[in-house]
Amino acid sequence: MAASDFTASLTPPIPATTSAPRSAISELLHDKAAAIGLAFILLIVFLALFAPLVAPYDPAAQSIMARLKPPVWMARGTWEHLLGTDNLGRDVLSRIIWGARATLTIGAVTCLLAATLGTVVGLWAGFIGGRTDSVLMRLVDIQVSFPGILLILLVVAVLGPGVWTLVAVLSVTNWMVYARLVRGIVSSTRQTPYIEAAEVIGCRPARVIFRHILPNIVSPLLTLAILEFTNIVLAEAAVSFLGFGVQPPATSWGLDVASGRDYLFIAWWLVTFPGLAIVVTVLSINLFANWLRVTTDPEEREKRFARAETAKRRRARRRVGA
């Protein structure tokens, strides 16, 4: 028997599902909340990518004569500025569209860097174990003990505000959750028969990690990254609100909220619309991430299928009884 066949024979079989094969799209459409969430996410991504074409105005263009115009449905509102203007006469809708680009870019790059660093540390700690595992996990515990937002503000205050400074700081302060997740999964699969078999037949540690262990953590890592993306969006908004994040003339949703806080009682739209963009984006990502977690987990899929079958049988019994 070939070595690869021997290793494959010891790999735990994937439980067969009794449900009829359905495409991911049909499963997504079955979950209306997740489908709506994904649709809004795609809309925001589209607006961010094509902001120069979609936005009606330059987000930094000022017009003192048009300052503090209300939204179009209010008494002084005009169709020229659908969501009104700010204290400098800048179009609110254009700033929200361009702010989506900055906010999503910061969130995506930060998640990528933090996930990469955390995955490497978690794989190293979980696979090697022993003193290396103890030292790395104690470092994780030490960094987790620091208040996140305070640490971010301290580092940004020392290095100076800016987009890439914010990305670097958020990456350094958010990699620990990935490290803990990966370390836990690797530690639990380290003693499984197919991992031991791969080591017995002479597979190098790099091959064991990237061929046999890493594929098992892709699904939970993806779900975690999507959920952490919402935390990054909220953290960016908080830091920009405090003046340490994105700096004018650039814009982001957090900076827009900060700019409109002094006009909250006379121009509520300056804070409301960027705030709603943050809330709806975070909610949509959470709804989609919940569906993704259930869909990529075999046990959760079996539970969902069992609940669906139970509901069908109950409806059938009601029809027969009627």
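Guide: A definition comes before the numbers: the expected span of a helix is 1.5 Å times one less than its number of residues, and helices (H or I, at least four residues) are DSSP runs, numbered from the N terminus. This is a predicted model, in which local features need pLDDT of at least 70, side-chain atom pairs count only at pLDDT 80 or more, and totals for chains, interfaces and linings use all residues. Residues are numbered from 1 along each chain as its sequence is written, and side-chain values use heavy atoms, with hydrogens and water left out.

Visitor: OK, how far apart are the end C-alpha atoms of α3?

Guide: They are 26 Å apart, which agrees with the 26 Å that the 18 residues of α3 (residues 32-49) should span at 1.5 Å a residue.

Visitor: And which residues of α3 are buried?

Guide: In α3 the buried residues are A34, A35, G37, I41, I44, L47 and A48, where buried means under 20% relative accessible area with a 1.4 Å probe, protein chains only.

Visitor: Switching to pockets, what is the volume of the second largest pocket?

Guide: The second largest pocket has a volume of about 450 Å³, a volume being the space filled by probe spheres set on the grid points, which are joined across faces, edges and corners. On a 1 Å grid over the protein atoms alone, a pocket is an open set of points with protein on both sides within 12 Å along at least five of seven lines, a cavity is a set of points where a 1.4 Å probe fits but cannot get out, and lining residues have an atom within 4 Å of a point.

Visitor: Which lining residues are closest to the centre of that second largest pocket?

Guide: Of the 22 residues that line the second largest pocket, I41, V45, L104, A108 and F229 are the closest to its centre. α5 gives the most to this lining of the second largest pocket, with 8 residues.

Visitor: How many cavities of 30 Å³ or more are there?

Guide: The structure holds 1 cavity of that size, 30 Å³ or more, and about 90 Å³ of space lies in the largest cavity. Its lining includes D86, R90, R95, D256 and W269.

Visitor: Last one: where does N174 lie?

Guide: N174 lies in the loop between α8 (163-172) and α9 (176-189), and N174 is buried, with a relative accessible area of 17%. The side chain of N174 reaches the backbone oxygen of L170 at 2.6 Å.

Terms used:
Helices (H or I, at least four residues) and strands (E, at least two) are DSSP runs, numbered from the N terminus. Buried means under 20% relative accessible area, exposed over 50%, partly exposed in between (1.4 Å probe, protein chains only). A polar contact is a pair of N or O atoms within 3.5 Å; within protein, one must be able to donate a hydrogen and the other to accept it, and residues adjacent in sequence count only if both atoms are side-chain atoms.
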